[in-house]
Amino acid sequence: MRELVLAIDQGTSSTKCLLADATGAVVASGAAPLGESCPRPGWVEQDPQAIWESVENAVRAALPATDPLRIAGVGFSTQRESVLLWDRGTGEALSPLLSWQDQRTAPLARAIGTAEVRRTVRRISGLPLDPMFSALKARWLLDTYDPDRKRAEAGEIVLGTVDSWLLSRFGTEPLIEIGNASRTQLLDTGAGAWSEELCALFGVPMAALPRIVASTGPFPAVRRLQPLLDGTPVAAVMGDSHAALFGHGVRAPGVVKATYGTGSSVMGLVGAASERMDPGTCLTIGWQIAGQAPAFAAEGNIRSSGATLKWLSSIFGVSVDALVDEALAGEAAEDEDGAIHLVPAFNGLGAPHWDDAAVAILSGFRLGTPRGALVLAGLRSIAHQITDVVESIECTTNRPVDTLFADGGAAANDALMQMQADLAGLTVLRSPIVGLSAIGAAHMAGLSAGLLTEETLAAPKRSIFRPLLSAERRARSRSGWRAAVDCSRFGAPPLGRRRECRPGREDNP
């Protein structure tokens, strides 16, 4: 009897798998680590073959004692803007995977980024011109591996994201799920089709791009992914952040979620392709069920959240968990008013500033400041950045957010969740399951395969964090953070440069 769904969550640092039953509950799981390399400052790459092998290892780890005949379908969630080249005929990777974190194309973004180009890119794709997205990486890859574009124009090579690469292992024509396609900056997001204008702008032949399909396919069946049986249906594919939003049970506008990972994604549905997006957020396609209109979302992407704590860990030579525990133990004495600010613009700032020229700064510390205070500043930087994006989403929707759903590895830290509630001035509801991306993929696959219904999905019992900080202290901390960000971007707080669109906030400074 086919009564289970397998979800495969292919992320930056690992691939995770879980088995879900007919209520959406997790009954088994497995994981496999994945490395990355930085051949030059600002360059971040991964080995495409190692990504596939991590999927194989994670699947084996999740299914040691499960009869594969019980699996009704497979769902994928994947890292999104990362991109690679492969040979259409042989399936062999021709390049490394350029990670979403990779910043090698920042000079190219500045070179082509006239005001007119930036307006065109934003108007068609819904995204700001930024090295995080796939289009600039795609141009770099083609300039490097196919400079005359002959192979790309002939359709001999494929440019694809991680979901495309994984699906290609099943021996089919190149495909890309529409939500992942919306993150490439080559999609006309409103039309749901590749944009000839953007492809020409970035020098990407359309013949090299995969065919766009809905989040529920149709996709090729599994092949050579043991112990799964060949022919097991692939029932759903989603971008990881989109899958997390779906896993929270969000189906309509009005709720925002934040995923606390290496970076962070803050996202909420907007109902339709909005003509008025706040400059701090992007228009993206959350998902599309076959035969239905796409679900559009507003999103802001933060480049460094968990990565900030990892950097501090490397500086002090102490594990992240031990460093955070040490900092929290001395919290009251170290930085009671939150006056120390770490702006983690290691590779510029993402949403809502989208400023590649911003530099990392640490301000407000003195001789004798303990390292725990700096770690607390790192934790606060995560909460401040997410609050910045929540405010930008409020500008887009023109209504205040009162609840934030939280997921991801760093969300397991109670102190960070309380900081988030305090600095944002809203209630934070944390999922009891860290891997909401996998859950979302499982739910979408289960619904697509007919194993689940919206009514049978079990609602998780979430941890609740309510704001405890006074409005005065919140305003003071937020004002100090904005001044630090101004210093990161401009060297000093310039007059008239701060964003002032925070509808419904009683604590606006």
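**The sheet and its surroundings**

In this predicted model, five strands make up an open sheet whose order is S3-S2-S1-S5-S13, and the pairing within this sheet is mixed. Its edges are formed by strand S3 (26-33) and strand S13 (234-239), each of which pairs on one side only. From one strand to the next, the twist averages 15°.

Within the sheet, strand S1 (residues 4-10) and strand S2 (residues 14-20) run antiparallel and are joined by six bridges. In this pairing, Leu 6 stands opposite Leu 19 in S2. In general, the strands of a sheet pair through backbone hydrogen bonds, in either a parallel or an antiparallel manner.

Two helices can be followed against these strands. Helix H1 (residues 48-62) lies across S1, S2 and S3, and runs at about 145° to S3. Helix H9 (residues 240-247) also packs on the sheet, where it touches S1, strand S5 (71-78) and S13, and the direction of helix H9 makes about 105° with that of S13.

Turning to the surface, one finds a nonpolar patch formed by Trp 311, Ile 315 and Phe 346, which together have about 280 Å² of accessible area. Of these residues, Phe 346 is placed in the loop between strand S18 (341-343) and strand S19 (361-363).

Key
Residues are numbered from 1 along each chain as its sequence is written. This is a predicted model: local features need pLDDT of at least 70, side-chain atom pairs count only at pLDDT 80 or more; totals for chains, interfaces and linings use all residues. Side-chain values use heavy atoms; hydrogens and water are left out. Two strands pair if DSSP finds at least two bridges between them. Helices (H or I, at least four residues) and strands (E, at least two) are DSSP runs, numbered from the N terminus. Axes are lines fitted to C-alpha atoms, for helices over the stretch in contact, and angles run from 0 to 180 degrees between N-to-C directions. Contact means heavy atoms within 4.5 Å. Patches are made of residues with over 30% relative accessible area and no salt bridge: like charges are joined within 9 Å, nonpolar side chains (Val, Leu, Ile, Met, Phe, Trp, Tyr) within 5 Å. Accessible areas come from the Shrake-Rupley method with a 1.4 Å probe; for residues, only the protein chains shown count as cover. A salt bridge is a side-chain nitrogen of Lys or Arg within 4 Å of a carboxyl oxygen of Asp or Glu.
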